[in-house]
Amino acid sequence: FFFCFLLESYGMDGNVILQLLTMSLSPDNEQRKQAEAKLQEFLTQPGFLAVLFKITMMEEQSYPIRMCAVIYLKNTLSSWYEELQLTRKAPTFVNFSADEQKMFKENIINAMVNSNPEIRRQLLEIFKLISNAHFPRHWPALIKTLNELLESKSSIPISTGLSCLMVLVHRFICMRSEDIPRKVLNAIIISTFPNVYKIFNAVVKEGTKEALEIQVQTLKLFALCTRITLPEIFKVQENILPWVNLTMELFNKPISPSCFEEDFDDQLNNKEWIVKKYALKIILRLYLHSSIEEVEEKIPFFQTFCNEIAPAIQANVIQFLASLRNSGKWIHPRVSSLCLKYLHKCIEFAVTYKTLKENFAPLLQQVIFPFLTLDKLEQERFEEDPVEFVRMEYDVVEEYYSPRKNAEDFLANLFKYRSKSNMMSFMAFIVERLNAYNAATPQNRNYSEKFASLSVLACLADELKQNEGFKGGLEDMIIHHIYPEFSSPLAFLRCKACLVFSKFSGIKFKNQQLFEECLKKVFLCMTDSQSLAVKLFAGITLRETVQNPIAQPIVLNNLENLFNIYIQLISEVDNEEIIESMEYLISEYKDHIAPFSAKLIHVFMVSFERVIGVDNEDSIAAWECLRAIKIVLGAIEKCPQQFREAENLVMPVISKYFTSDNEYFEDFIQIISTFAMYSESISELLWNLFPVISAACLEWAIDYIKDILYCFDNMICSDPETFIKRNYITEIIKIYELASRTEIDDEYHQPACQLMECAIQNSGESGAQYVEAVLIISIKSLASEEPSFVTRTLIGNLIGTCMFYHIRQSLVVLQTHNCIENVFKAWFQLFSRFKRVYDRKVTILGLSTIFTIPPGEWPQLLKSLPTIKSVLISCLHLLNENVEHRKRKATEAQKEEETTKNSISSALRALGSSSSLLPPIPASGYNSDEDVKHQNSYEILDQNFNNFCATEDEFEDEDSV
């Protein structure tokens, strides 16, 4: 065998390894553990990895043993590469010598060619690790080897070569064109793609299983290369057009009739559909590249694509969808979504829109409209897993993958950006469908069409509410086409009724009774006895519905019942949308929720524990539970009895899950801070968490020090006696020392200074014994050039606080360390830049306290007349600046009030109108010969950002801290 010599030179006995691998598969747990431990010992012995490689390739061995060997080898090399990346040194936990690495490089590709598909996939992962470590610098022959595979006449070597090439390309796709790795990618493409194109051209007309596999691999490779930007070689039109032509040829190939006869799962994984999926991905990505204006260079291919290729592809896409839709055949959902995304893009550009609008009626009615119905998979999910169905309806990821969501987006943007006459004609078709539904007997009604028609109303709601031709008839539409479906025998129509009504609930109702009746129907749907999906949809959409002022008295009369319904729903289902709806209700009616607060918090905490307790953690739902708790706490902050009840419910759970690897640490800290601020006293449970939080901050949670500052500040200021009694100032000093280190960023140093200042202010006389430790840390930081002005100011404030509360101890420390002159010099240099009253105030108090002790106790430096005169003058100067600052602020406040009165109405109009930020979309839509103009509102906001933010590294101008 090709590495027998290596094993012999190392003296490694392969039979022992074989025996251990066999034992590692034993059902006996103890025997398995012993084998795994022994294999672990072999890691440091030379030749062990080569033995695993040999066993993997021994065809006479059983498949489980070979698979065990290759997986163990892959996992070991994965750990080896990870450590290599971190330390840039050869890992010591495994012996993987240069000779062995060379042997792997020489034989891994040949091993893949001679393996079965399952083992080949594992070997490909090993190839990825070794190529990452060695290519290109230490594996220059790799490209030549891959080219030899690509020139083969057999499908397995070709497939292996394409797989390895994809691994290499994937490594470099995200690099910018000026980076060396991107140049390596270009070199790989130049060297190998001539052979890849020959393969592509040879298999494009074939339909065998092997040919389809190679078609998929070739398309994936081309898609990878063009994902971020076009490689240099493909910016030349003559180089990329042949690839585009072959890609479109594959897309245009009809699906074999046998594909439509397969089971649903087989259809999803059918290679013919996968080929179309990747062909569409490539075409869509090229269109996106072409539509972005190139500032530095104009690429001729992009112009050709937009003006010539894109319209032809558009026609092919429409024909493809129409032919399958008209014949009633199934279309792969990802292929449908990508087709619709392409048509969506065609709306934006005049050249494609002109051809698109020529066949609007058949396109919208025969192609787009049918996509708005529930497909077979969605119907099964609705009936069998309603919770998942509802989750996916509100999942932003589904907007990319769902054909129905993409069809809705197509309609919404078509009528937003283009001629409203299109909407008038399409709505005439929808009204015709709705009237036909009402006219038919229940047994003859087309419920799928009604669902699709209501979907159109929902996605076009904003346009219909503004259109003069429609908004006058919206109440009649609700009466005849939405209200009846609240009582529909079909649950999915009851769901859709709740959704559509929420979209139109904000109109000005002439008939208020209609709104009230519909709202009561939504309440009833929230308790639907037949469908959980209906209850969830009603509960979620209620937050939009109740924003109409008409709803307020009805909600207030039903508030207790609504909370009970929401509590029941949250008890049954972990869904963040339901929790958000309840949060909205709590926020809007916070003055009325005190009687329900304990019940609400209890259900949120139970839901939180349930969510984080399952195997597949739903972090979003858990965070929503904690956010809801914070909203409830904010609503009852002036209700001490309810607040204490809430603490008794929440704190045991927080204490239970307060671990070092907790992703909810920030929310926990914020909740603890809220209890510390608004409770009548700090409980034992809160105080017991103080050292736990401190330990977390010292070990791993320094990023959260701002939240910890607010939390500890609230606890210390609320109960300084217990803070002193428990001697927790030592915990604060540890945090301050950590944050003062040079390797820690200023953004963490600053809150640590403020926290230390708070601790000194609230420690009373007992704080005197800690002044030396605090000042030594401060002196060291102030002497460094690293801290910014803001940080140095906060250090100065801390020194001033120490002097104000413990002047004798402070002066002794400064004199003992012979640093009075340096500290005062660094501190005094800051005075001229002070902008806050607080900074001047603390400085004045700290310096003036010197005069409260007899001059005989002053350090020698302070006894000199120039020094003490400088201290006194600085205090008087800062005091005068504060007086002037107060006067100036009073004058500015008066002027600001007058300015605000004059500008508030125009500001509100600006916020309410898109035209204030973005150039308006023409009322009738863009003309056929105009491209849609997308404006980046962030750029506009950035232009005015300085009006709202300070431009220097300074504090805000405030009087109190």
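Glu348 and Lys345 are both buried (under 20% relative accessible area with a 1.4 Å probe and protein chains only; exposed is over 50%, and partly exposed lies in between). Their side chains meet in a salt bridge, 3.4 Å from N to O (a side-chain nitrogen of Lys or Arg within 4 Å of a carboxyl oxygen of Asp or Glu). The two residues sit three apart in helix 16 (residues 333-348), so about one helical turn separates them.

This is a predicted model, where local features need pLDDT of at least 70, side-chain atom pairs count only at pLDDT 80 or more, and totals for chains, interfaces and linings use all residues. Residues are numbered from 1 along each chain as its sequence is written, and side-chain values use heavy atoms, leaving out hydrogens and water.

**The whole chain**
- The chain has 50 helices and zero strands (DSSP runs numbered from the N terminus: H or I of at least four residues for helices, E of at least two for strands).
- Of the 961 residues in the chain, 51% are buried.

- The structure holds 31 salt bridges.
- Arg433 pairs with Glu432, their closest N and O atoms being 3.5 Å apart.
- Arg433 also meets Glu449 in a salt bridge of 3.0 Å, N to O. This pair links distant parts of the chain, with Glu449 in helix 24 (residues 447-459) and Arg433 in helix 23 (residues 420-439), 16 residues apart.
- Arg433 is partly exposed, at 22% relative accessibility, and Glu432 is partly exposed at 46%.

**Inside and outside**
- Asp263 is exposed, with a relative accessible area of 56%, and lies in the loop between helix 12 (237-252) and helix 13 (264-268).
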